[in-house]
Amino acid sequence: MAKKEKGKKAVLPLDVIRKRRGYYRQISDITSFLTHLALMAALVYVMFFVIFGIAPMKNDDMKPKLSAGDLMLYYRLENKIFPSDVLVYQVEGKQYVGRVIGQPGDVIEIPEEGGLKINGNTQVEDSIFFETKPYENETVKYPITLGTDEYFLMADMRSGAKDSRAFGAIHKKQIKGKVITILRRSSL
């Protein structure tokens, strides 16, 4: 028995204290890491689900400015909406992108022969390369007078795109945000 006791090393109180300190230091490091991870997740959530949003352009409705596959970063908290702003909006659970044509109080008219009139004035749209024609539907009757918090949005590709000519005026509650920048699919 004397040999077994001789090979054993005595446990010193200082060794026990060091071991416990190491254990508590690891627990402290893990807790700190998890706290930082939770804060980072909360920050990312606030940034991309409260303040900003990211949406892919699903079709060529805004061509040539936006193409299918481009990523749009939009600002959700924008209160000031001006003509020519590009907005992301939602109608019947689907997301669309359109340019502001008319604001609250405006009278929008699209004659049968084509063109666009806002408040009786014919608009010259230099950056639109497609003819503006009304859609054949029962929902929208021209001229339209926009009410409070209503906007008339149209896609840049004027033939066949889903916009206010199909849905009617878009209420401010349907607007998800104002597009502030675009990541081109060719640069990804």
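Predicted model: local features only at pLDDT ≥ 70, side-chain atom pairs only at ≥ 80, totals over all residues.
**Ser 67**

I started with Ser 67, which sits in the loop between S1 and S2 (helices, H or I of at least four residues, and strands, E of at least two, are DSSP runs numbered from the N terminus). At 15% relative accessibility, Ser 67 counts as buried (buried is under 20% relative accessible area, exposed is over 50%, partly exposed is in between, with a 1.4 Å probe and protein chains only). Leaving out residues up to four places away in sequence, I found Ser 67 touching Met 57, Asn 59, Asp 60, Arg 184 and Arg 185 (contact means heavy atoms within 4.5 Å).

Residues are numbered from 1 along each chain as its sequence is written, and side-chain values use heavy atoms, with hydrogens and water left out.

**Salt bridges**

How many salt bridges does the structure hold? I get seven (a side-chain nitrogen of Lys or Arg within 4 Å of a carboxyl oxygen of Asp or Glu). I looked up three of them.

Asp 70 and Arg 184 meet at 2.8 Å, N to O. This pair links distant parts of the chain, 114 residues apart: Asp 70 is in the loop between strand S1 (52–56) and strand S2 (71–75), Arg 184 in the segment after strand S11 (175–183). Asp 70 is buried at 2% relative accessibility, whereas Arg 184 is partly exposed at 34%. Arg 184 was also on my contact list for Ser 67.

Next came Asp 85 with Lys 178, whose closest N and O atoms are 3.2 Å apart. Asp 85 lies in the loop between S2 and strand S3 (86–91) and Lys 178 in strand S11, so this bridge ties together parts 93 residues apart in sequence. Are Asp 85 and Lys 178 buried or exposed? Both come out buried.

Arg 158 is in the loop between strand S9 (150–154) and helix H3 (164–167), and Glu 125 is in the loop between strand S7 (121–122) and strand S8 (144–145), so the pair joins parts 33 residues apart in sequence. Arg 158 is buried at 1% relative accessibility; Glu 125, at 24%, is partly exposed.

**Largest pocket**

Glu 125 turned up again here: 14 residues line the largest pocket, and Ser 84, Arg 99, Val 100, Ile 101 and Glu 125 lie nearest its centre (a pocket is an open set of points on a 1 Å grid over the protein atoms alone, where a 1.4 Å probe fits, with protein on both sides within 12 Å along at least five of seven lines; lining residues have an atom within 4 Å of a point). Strand S4 (residues 94–102) gives the largest share of the lining, three residues. The pocket's volume is about 220 Å³ (the space filled by probe spheres set on the points, which are joined across faces, edges and corners).

I then traced an open sheet of four strands, antiparallel, in the order S7-S6-S5-S8 (strands pair if DSSP finds at least two bridges between them). Its edge strands are S7 and S8, each pairing on one side only. S5 (residues 107–109) and S6 (residues 117–118) pair over two bridges, and Ile 108 has Ile 118 as its bridge partner in S6.

**Pro 13**

Last, I checked Pro 13 in helix H2 (residues 13–51). Pro 13 is exposed at 58% relative accessible area, and its C-alpha is 77 Å from that of Glu 150, 137 residues away in sequence.
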